[in-house]
Amino acid sequence: MSAEKKIPYKIYLQEEEMPTSWYNMRADMKNKPAPLLNPGTLQPLKFEELQPIFCDDLIAQELNDTDAYIEIPEAIREYYKTYRPSPVVRAYNLEKKLQTPAKIYYKFEGNNTSGSHKLNSAIAQAYYAKKQGLKGVTTETGAGQWGTALSMACAYFDLDCKVYMVKVSYEQKPFRREVMRTYGASVTPSPSDTTTVGKKILAEHPGTTGSLGCAISEAVEVATSNEGYRYVLGSVLNQVLLHQSVIGLETKTALDKYGIQPDIIIGCAGGGSNLGGLIAPFMGEKLRGEKDYRIIAVEPASCPSFTRGKFAYDFCDTGMICPLAKMYTLGSGFIPAPNHAGGLRFHGMSSILSQLYHDGLMEAVAVEQTAVFQAAEQFARTEGILPAPESSHAIRVAIDEALKCKETGEEKNIVFGLTGTGYFDLVAYQQYNDHVMTDYIPTDEDLQAGFAGIPRFPGNE
């Protein structure tokens with residue numbers, strides 16, 4: 001029997017093979033991501049300045065550029081065991097359909113009620129909030145996976161959870177909203193008239209469908225104006241990529257068991273949490289000069305932060321009340337078209353991933369919505385899983401790369417992240433099936449309007 005036939009459809013790890021520490025890519029980065037800045041003084045933020053917003057332990061993780069490994073507390077590891085380790089799956093049926101010599105693998109993160117990878121960080125952030133003795137947390141959510149994951153985590157640790165959900169997703173995905181409420185969270189469509197910043201955004205943009213930047217502003221305002229609450233975020237931040245490294249660590253352990261070395265690693269990119277988590281240990285090897293991989297970030301053409309954005313300090317929120325982060329950005333005032341990949345509708349990108357991209361250590365491509373759903377349909381029909389629209393961006397490029405291998409005859413190993421399931425995204429699938437789904441690509445003029453709002457100061461021109 002050949003070695004290839006010994007590779008199972010699903011590669012599972014045992015509990016004892018799960019990571020006991022998160023991996024911090026920053027420790028191996030020659031060019032560290034630029035520090036968060038105080039928007040008033042333009043100086044790097046100190047620990048105490050972040051305390052009104054974030055939990056203390058999470059601030060320490062956010063600012064840690066030196067420790068390569070940070071131990072996962074036992075309580076978090078025990079919760080991880082309720083849905084982890086997750087499988088690495090060989091996409092035999094998709095390979096056969098494409099008639100490609102490439103070998104395609106995906107890391108499936110949808111086997112929990114939240115339907116996505118978001119629970120990996122939600123349970124960690126809720127744990128640290130409980131440890132600090134807080135009453136509750138506030139957050140934003142786009143497609144709803146993060147809000148669902150956080151509501152689950154808060155229910156587990158008996159914390160109050162206030163979620164501001166991007167209005168277009170609130171209306172498109174009522175069932176996702178109801179899952180959050182079932183777990184005890186309050187869910188408010190954003191922008192709303194319940195906050196000062198929400199009222200301001202509504203006055204300036206009447207009828208807006210919202211954005212993650214809007215929802216972040218509202219959640220931060222509520223957290224900082226209510227005693228015993230802190231704000232938590234499901235992507236972008238260094239601490240979140242740290243928690244999500246369990247994805248890549250498990251993936252690498254599973255592939256190493258069968259002697260599989262990826263040639264191409266692909267992940268969808270909105271704020272960067274799942275991509276950063278998937279690539280973490282592989283990027284670490286690349287940074288240390290041990291191995292080389294081709295790493296591709298895939299974003300929607302309607303919100304092209306990497307491929308058409310500017311690398312500059314910008315606000316992470318539309319209301320401009322958060323710290324400044326150096327990242328690839330379309331401007332905090334940019335409100336993308338209401339495409340169905342709600343989790344990818346953020347104007348900026350993780351500072352870690354932005355620096356890696358800027359240093360040429362990874363690539364980025366932007367894909368249109370209808371092409372994404374065509375790939376999602378093909379994947380569902382061959383692999384039997386209905387993928388989330390966000391995940392389907394990675395599927396699109398994985399298929400494209402496999403077809404290139406078909407043309408060249410190269411037998412490359414392609415690995416991508418299947419971040420979650422799409423069972424709450426059936427309105428999107430309906431529009432695709434009814435042939436009424438459209439593609440929107442912002443014009444240069446649209447982008448310029450967003451760029452105009454990027455803060456101007458020496459070194460950030």
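Residues are numbered from 1 along each chain as its sequence is written. Because the model is predicted, local features need pLDDT of at least 70 and side-chain atom pairs count only at pLDDT 80 or more, while totals for chains, interfaces and linings use all residues; side-chain values use heavy atoms, leaving out hydrogens and water.

**Stop 1: the open sheet**

Select β8 (186–190) and β9 (229–231), the edge strands, each of which pairs on one side only. Strands here are DSSP runs of E with at least two residues, helices are runs of H or I with at least four, and both are numbered from the N terminus. Two strands pair if DSSP finds at least two bridges between them. The sheet is open, has four strands in the order β8-β7-β6-β9, and its pairing is parallel. Next select β6 (residues 136–141), which pairs with β9 over three bridges. One place to look is Gly-136, whose bridge partner in β9 is Tyr-229.

α6 (residues 145–157) lies across β6 and β7 (160–166), at about 165 degrees to β6. α10 (residues 212–224) packs on the sheet and touches β6, β7, β8 and β9; contact means heavy atoms within 4.5 Å. The direction of α10 makes about 170 degrees with that of β6. Axes are lines fitted to C-alpha atoms, for helices over the stretch in contact, and angles run from 0 to 180 degrees between N-to-C directions.

**Stop 2: strand β11**

Select residues 294–300, strand β11; six of its seven residues are buried. Buried means under 20% relative accessible area, exposed over 50%, and partly exposed in between (1.4 Å probe, protein chains only). β10 (residues 264–268) runs parallel to β11 and is joined to it by five bridges. Within this pair, Val-298 of β11 is the bridge partner of Cys-268. Strand β14 (residues 363–367) is also parallel to β11, again with five bridges. There, Ala-297 stands opposite Ala-364 of β14.

**Stop 3: helix α14**

Select residues 351–358. Six of the eight residues of helix α14 are buried, among them Ile-352, Leu-353 and Leu-356. Their cover includes α11 (238–257), α12 (273–287) and β12 (310–315). Ser-350 caps the N-terminal end, with a side-chain oxygen 3.1 Å from the backbone nitrogen of Ile-352; a polar contact is a pair of N or O atoms within 3.5 Å, where within protein one must be able to donate a hydrogen and the other to accept it, and residues adjacent in sequence count only if both atoms are side-chain atoms. After the helix comes Gly-360, with a positive phi near 75 degrees.

**Stop 4**

Select Pro-85, in the loop between α3 (74–80) and β4 (88–90). The peptide bond from Arg-84 to Pro-85 is cis, with omega near -5 degrees. Then go to Pro-191, in the loop between β8 and α9 (196–204). Ser-190 and Pro-191 are joined by a cis peptide bond too, with omega about 5 degrees.

Finish with Asp-158, in the loop between α6 and β7. Asp-158 is not a glycine, yet its phi is positive, about 55 degrees. Is Asp-158 buried or exposed? Asp-158 is exposed, with a relative accessible area of 63%.
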